[in-house]
Amino acid sequence: MPEERVAVVTGGSSGIGAATVRRLRAEGFAIVAGARRIDRLREVTESAGATAIALDVTDRASVEAFCEQVPRCDVLVNNAGGALGVELIAESDDEHWRTMWESNVFGLMLMTRALLPKLEANGNGHIVNIGSIAGIETYAGGAGYTSVKHAARAISHTLRLELSGKPVRVTEIDPGLVETEFSIVRFDGDEERAKKVYEGMTPLTADDIADCIAWAITRPRHVNIDEMVVRPIAQARATIVARNVGL
Ligand code: NAP
């Protein structure tokens with residue numbers, strides 16, 4: 001078994017995942033990163049000195065093929081996911097809901113189940129789930145996304161119960177507004193609409209969240225950081241954002 005500690009990062013091709021690949025590499029971890037857009041992923045991993053493997057977290061065969069190539073796993077960052085659309089429940093889009101549930105919830109389960117034996121085997125495993133303030137709040141038009149992040153939070157809590165007595169820590173990081181490709185994906189490529197989300201305020205950066213992940217996983221082995229809720233100072237609630245006040 002290789003000596004270097006190995007961190008697996010899902011959704012490493014952009015945003016928080018890409019920043020986490022770079023940051024955890026700098027912290028001395030060997031990194032295996034996965035995403036569907038393999039060219040984008042390779043751009044990230046090649047400059048960071050990490051390994052890229054194609055991964056669709058919603059596809060069990062893809063998850064299994066990916067995990068078979070992971071030599072050992074000390075840290076699993078379940079980051080792949082995101083939101084699609086903003087729609088009232090009365091007008092919900094079936095495909096948006098299905099895709100969000102499959103990537104943010106089902107994918108998180110598939111990855112965790114596949115890597116748990118390796119996380120346990122080294123006597124010091126750590127699962128980091130990227131939730132959201134959408135997992136602790138709701139807003140009109142957001143039920144597709146808030147429901148999946150509430151579910152992810154329930155999984156983080158349940159994992160901590162089921163892993164009681166085992167050497168695997170479980171941390172959930174719940175960010176507010178982070179400027180990544182998140183809003184571009186949410187609004188189906190509409191960059192103008194995406195830009196408005198961050199207008200007149202300073203959002204978090206992907207590096208801010210990578211910093212939280214790095215801090216949580218580098219605490220001593222007996223310290224479990226359960227949850228970190230991290231917002232820009234300008235964001236009091238999911239939909240309450242102070243704009244044009246210099247924050
Ligand atoms: P992003 O820039 O759009 O990145 C999303 C990443 O997830 C991409 O690398 C994408 O890669 C990957 N992904 C999506 N579906 C996937 C699938 N089926 N299989 C494998 N990879 C998949 O957005 P981000 O902000 O960094 O989002 C990362 C996480 O943070 C998400 O879970 C999101 O819900 C959460 N979050 C974001 C914010 C925010 O404001 N940005 C706030 C709270 C929480 P491919 O498309 O190449 O597969």
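**The ligand and its surroundings**

Reader: How far is an oxygen atom of the ligand from an N or O atom in the side chain of Arg-36?
Author: This is a predicted model, where local features need pLDDT of at least 70, side-chain atom pairs count only at pLDDT 80 or more, and totals for chains, interfaces and linings use all residues. Residues are numbered from 1 along each chain as its sequence is written, and side-chain values use heavy atoms, with hydrogens and water left out. A polar contact is a pair of N or O atoms within 3.5 Å; within protein, one must be able to donate a hydrogen and the other to accept it, and residues adjacent in sequence count only if both atoms are side-chain atoms. Between the ligand oxygen and the N or O atom in the Arg-36 side chain, the distance is 2.7 Å.

Reader: Which residue places a polar backbone atom 3.2 Å from an oxygen atom of the ligand?
Author: Side chains take part as well: an N or O atom in the side chain of Tyr-145 is 2.7 Å from a ligand oxygen. The polar backbone atom at 3.2 Å from a ligand oxygen belongs to Glu-181.

Reader: What percentage of the area that the ligand exposes when taken alone does the protein bury?
Author: Accessible areas come from the Shrake-Rupley method with a 1.4 Å probe, and for residues only the protein chains shown count as cover. Taken alone, the ligand exposes 870 Å². The share of that area buried by the protein is 95%.

Reader: How many residues are around the ligand?
Author: A residue counts as near a molecule or strand if one of its heavy atoms lies within 4 Å of it. Ser-14, Ile-16, Arg-36, Tyr-145 and Thr-180 come nearest to the ligand. By class the shell has 12 nonpolar, 14 polar and 5 charged residues, where Ala, Val, Leu, Ile, Met, Phe, Trp, Tyr, Cys and Pro count as nonpolar, Asp, Glu, Lys and Arg as charged, and the others, Gly among them, as polar. The number of residues around the ligand is 31.

Reader: Which helices each supply at least two residues of the shell around the ligand?
Author: Helices (H or I, at least four residues) and strands (E, at least two) are DSSP runs, numbered from the N terminus. Those that each give at least two residues to the shell are helix 1 (15-26), helix 5 (143-162) and helix 6 (182-186).

**Enclosed spaces**

Reader: How much space lies in the largest cavity?
Author: On a 1 Å grid over the protein atoms alone, a cavity is a set of points where a 1.4 Å probe fits but cannot get out, and lining residues have an atom within 4 Å of a point. Grid points are joined across faces, edges and corners, and a volume is the space filled by probe spheres set on the points. Searching the whole structure gives 2 cavities of 30 Å³ or more. The space in the largest cavity is about 70 Å³.

Reader: Which helix gives the largest share of the lining of the largest cavity?
Author: The lining includes Thr-10, Val-57, Asn-104, Met-111 and Lys-149. By class, this lining has 5 nonpolar, 6 polar and 1 charged residues. With 5 residues, the largest share comes from helix 4 (residues 94-121).

Reader: Is Asn-104 buried or exposed?
Author: Asn-104 is found in helix 4, and its side chain is joined to that of Lys-149 by a polar contact of 3.1 Å. Buried means under 20% relative accessible area, exposed over 50%, and partly exposed in between (1.4 Å probe, protein chains only). Because its relative accessibility is 2%, Asn-104 counts as buried.

Reader: What is the volume of the second largest cavity?
Author: Among the residues lining the second largest cavity are Trp-97, Tyr-145 and Arg-186. Helix 4 and helix 5 each supply at least two residues of this lining. The volume of the second largest cavity is about 40 Å³.

**Backbone and chain contacts**

Reader: What is the phi of Asp-188?
Author: Asp-188 lies in the loop between helix 6 and helix 7 (191-196). It counts as exposed because its relative accessibility is 74%. Although Asp-188 is not a glycine, its phi is positive, at about 55°.

Reader: What distance separates the C-alpha atoms of Ser-156 and Thr-171?
Author: Ser-156 lies in helix 5 and, at 1% relative accessibility, counts as buried. Ser-156 and Thr-171 are 15 residues apart along the chain, and their C-alpha atoms are separated by 7.3 Å.

Definitions and conventions. 1 Å grid on protein atoms, 1.4 Å probe; cavity = no way out; pocket = protein on both sides within 12 Å on 5 of 7 lines; lining within 4 Å.
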